[in-house]
Amino acid sequence: MKQKIDLGAEVTAFVQQRMTEILGEDPQNINRIELNIREVKEQIFRLFYDYQVTHGWPHIAANTSILLGISEMHVHRMAKKRYQKH
């Protein structure tokens, strides 16, 4: 079995590195950062969900639920919301 990859840890490490680079030692640099957590959450959902749709994978809601640690019901709601916008 292949080793699991913790993308959450990778994302956290990336954000921490970039934050350190941008902020440095100057508190005024905080104004240089913009991070809309809600939008990032939706983008990550779309990346995983749409990848599976594009590749014709089965059990998309179940897979997405496991990958993102959310309920299948939440996946269905987010997908419905996503596709109503377009």
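Which polar atom distance separates the backbone oxygen of Phe 48 from the side chain of Gln 52? The backbone oxygen of Phe 48 lies 3.1 Å from a polar atom of that side chain. A polar contact here is a pair of N or O atoms within 3.5 Å; within protein, one must be able to donate a hydrogen and the other to accept it, and residues adjacent in sequence count only if both atoms are side-chain atoms.

The model is predicted: local features need pLDDT of at least 70 and side-chain atom pairs count only at pLDDT 80 or more, while totals for chains, interfaces and linings use all residues. Residues are numbered from 1 along each chain as its sequence is written, and side-chain values use heavy atoms, with hydrogens and water left out.

Helices are DSSP runs (H or I, at least four residues), numbered from the N terminus. Gln 52 sits in helix 2 and is buried, with a relative accessible area of 2%. The classes are buried (under 20% relative accessible area), exposed (over 50%) and partly exposed (in between), with a 1.4 Å probe and protein chains only. Leaving aside residues up to four places away in sequence, Gln 52 touches Trp 57, His 59, Ile 60, Asn 63 and Thr 64; contact means heavy atoms within 4.5 Å.

Helix 2 (residues 37-54) and helix 3 (residues 60-68) have axes that come within 10 Å and cross at roughly 145 degrees. Axes are lines fitted to C-alpha atoms, for helices over the stretch in contact, and angles run from 0 to 180 degrees between N-to-C directions. The crossing is right-handed, that is, the near helix is turned clockwise from the far one by less than a right angle. On the helix 2 side, Ile 44, Phe 45, Phe 48, Tyr 49, Gln 52 and Val 53 meet Ile 60, Asn 63, Thr 64, Leu 67 and Leu 68 of helix 3. The residues of this contact divide into eight nonpolar, three polar and no charged.

Ser 65 is also in helix 3, and its contacts beyond four places in sequence are Ile 70, Ser 71, Glu 72 and Val 75.

**Loop between helix 2 and helix 3**

His 55 is found in this loop, where a polar atom of its side chain lies 2.8 Å from the backbone oxygen of Tyr 51. His 59 is in the loop between helix 2 and helix 3 as well. Its phi is positive, near 55 degrees, in a residue other than glycine. Most residues other than glycine have a negative phi.

**Accessibility**

| Residue | Relative accessible area | Class |
|---|---|---|
| Leu 35 | 53% | exposed |
| His 55 | 44% | partly exposed |
| His 59 | 60% | exposed |
| Ser 65 | 12% | buried |
| His 74 | 24% | partly exposed |

**Helix 1 and the remaining positions**

Helix 1 (residues 7-23) has 17 residues and reaches 24 Å from its first C-alpha to its last, close to the 24 Å expected at 1.5 Å a residue. The expected span is 1.5 Å times one less than the number of residues. At the start of helix 1, a side-chain oxygen of Asp 6 reaches to within 3.0 Å of the backbone nitrogen of Gly 8. Gly 24 follows helix 1 and has a positive phi, near 55 degrees.

Leu 35 lies in the loop between helix 1 and helix 2. Leu 35 and Gly 8 are 27 residues apart in sequence and 16 Å apart in space, C-alpha to C-alpha. His 74 belongs to helix 4 (residues 72-84).

Notes: Helices (H or I, at least four residues) and strands (E, at least two) are DSSP runs, numbered from the N terminus. Ala, Val, Leu, Ile, Met, Phe, Trp, Tyr, Cys and Pro count as nonpolar, Asp, Glu, Lys and Arg as charged, and the others, Gly among them, as polar.
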